[in-house]
Amino acid sequence: MKRAYSRAFDPPAPVVPVRVRAPSGLDVATVDGKLDTGADLCAVPERLVTELDLPPVRAVRAAGFQGTLEEVVVFRLDLEIDGLSFPHVEALATRRPYVIVGRNVLRRLLVRLDGPRAQLEIRRPKPA
């Protein structure tokens, strides 16, 4: 999948449509997902945790970009990016209106960020 960076961010950012559902759930939400190579885990908007009844998995201590540690709950969900499925992904809740696609998903993909052209390319690696 190739796409232009989203100009909804300043500077423009790599964003993809993401489908989120509870594992084995029927309800699905489609939201923007911002790729974040600095995030260990994915994060989903708080409203989706409630709307989709995402199951909690465990509590962890996490630090945001400001470095403040706090205890947060990790939830489990199924994620889909452009037809590529990622079942049983762990994610935190965020106050942001979009999904943060972290390294726990990005490590399974080939991602090419072309900053000068403001373009993004994502694909699955070829089987070895």
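**Exercise 1. How many bridges join β3 to β8, and do the strands run parallel or antiparallel?**

The structure is a predicted model, in which local features need pLDDT of at least 70 and side-chain atom pairs count only at pLDDT 80 or more, while totals for chains, interfaces and linings use all residues. Residues are numbered from 1 along each chain as its sequence is written, and side-chain values use heavy atoms, with hydrogens and water left out.

Step 1. Strands are DSSP runs of E with at least two residues, numbered from the N terminus; two strands pair if DSSP finds at least two bridges between them.

Step 2. Read the pairing. β3 and β8 are joined by three bridges and run parallel. L35 stands opposite V101 in β8.

Step 3. Turn to β2. This strand pairs with β3 (residues 29-35) in the antiparallel sense, over six bridges. V18 has V31 in β3 as its bridge partner.

**Exercise 2. Determine the strand order of the open sheet that contains β10.**

Step 1. The sheet has three strands in the order β1-β10-β9, with antiparallel pairing.

Step 2. β1 and β9 (110-114) are the edge strands, since each pairs on one side only.

Step 3. Five bridges connect β9 with β10 (residues 119-123). Within β10, I122 is the bridge partner of V111.

Step 4. On average, neighbouring strands of this sheet are turned by 15° against each other, direction ignored. Here axes are lines fitted to C-alpha atoms, and angles run from 0 to 180 degrees between N-to-C directions.

**Exercise 3. Find the aromatic pair and classify its geometry.**

Step 1. Apply the rule: rings of Phe, Tyr and Trp (its six-membered ring) pair if their centres lie within 6.5 Å, and planes under 30 degrees apart count as stacked, over 60 as edge-to-face and the rest as tilted. The count comes to one aromatic pair.

Step 2. The ring centres of F9 and Y98 are 5.2 Å apart and the planes stand at 85°, so the pair is edge-to-face.

Step 3. F9 is in the loop between β1 (2-4) and β2 (15-21), and Y98 is in the loop between β7 (84-94) and β8 (99-101), so the pair ties together parts 89 residues apart in sequence.

Step 4. F9 and Y98 are both buried (buried is under 20% relative accessible area, exposed over 50%, partly exposed in between, with a 1.4 Å probe and protein chains only).

**Exercise 4. Describe the largest nonpolar core.**

Step 1. A nonpolar core is a set of buried Ala, Val, Leu, Ile, Met, Phe, Trp, Tyr and Cys residues joined through side-chain atoms within 4.5 Å.

Step 2. The largest one has 30 residues, and those with the most contacts inside it include V18, L54 and L77.

Step 3. A second, separate core has twelve residues, among them A13, V15, V60 and A62.

**Exercise 5. Which residue forms a salt bridge with E90?**

Step 1. A salt bridge is a side-chain nitrogen of Lys or Arg within 4 Å of a carboxyl oxygen of Asp or Glu. The whole structure has seven.

Step 2. The partner of E90 is R58, with the closest N and O atoms 2.5 Å apart. E90 is in β7 and R58 in β5 (residues 56-63), so the pair ties together parts 32 residues apart in sequence.

Step 3. E90 counts as buried at 18% relative accessibility, whereas R58 counts as partly exposed at 40%.

Key. Helices (H or I, at least four residues) and strands (E, at least two) are DSSP runs, numbered from the N terminus.
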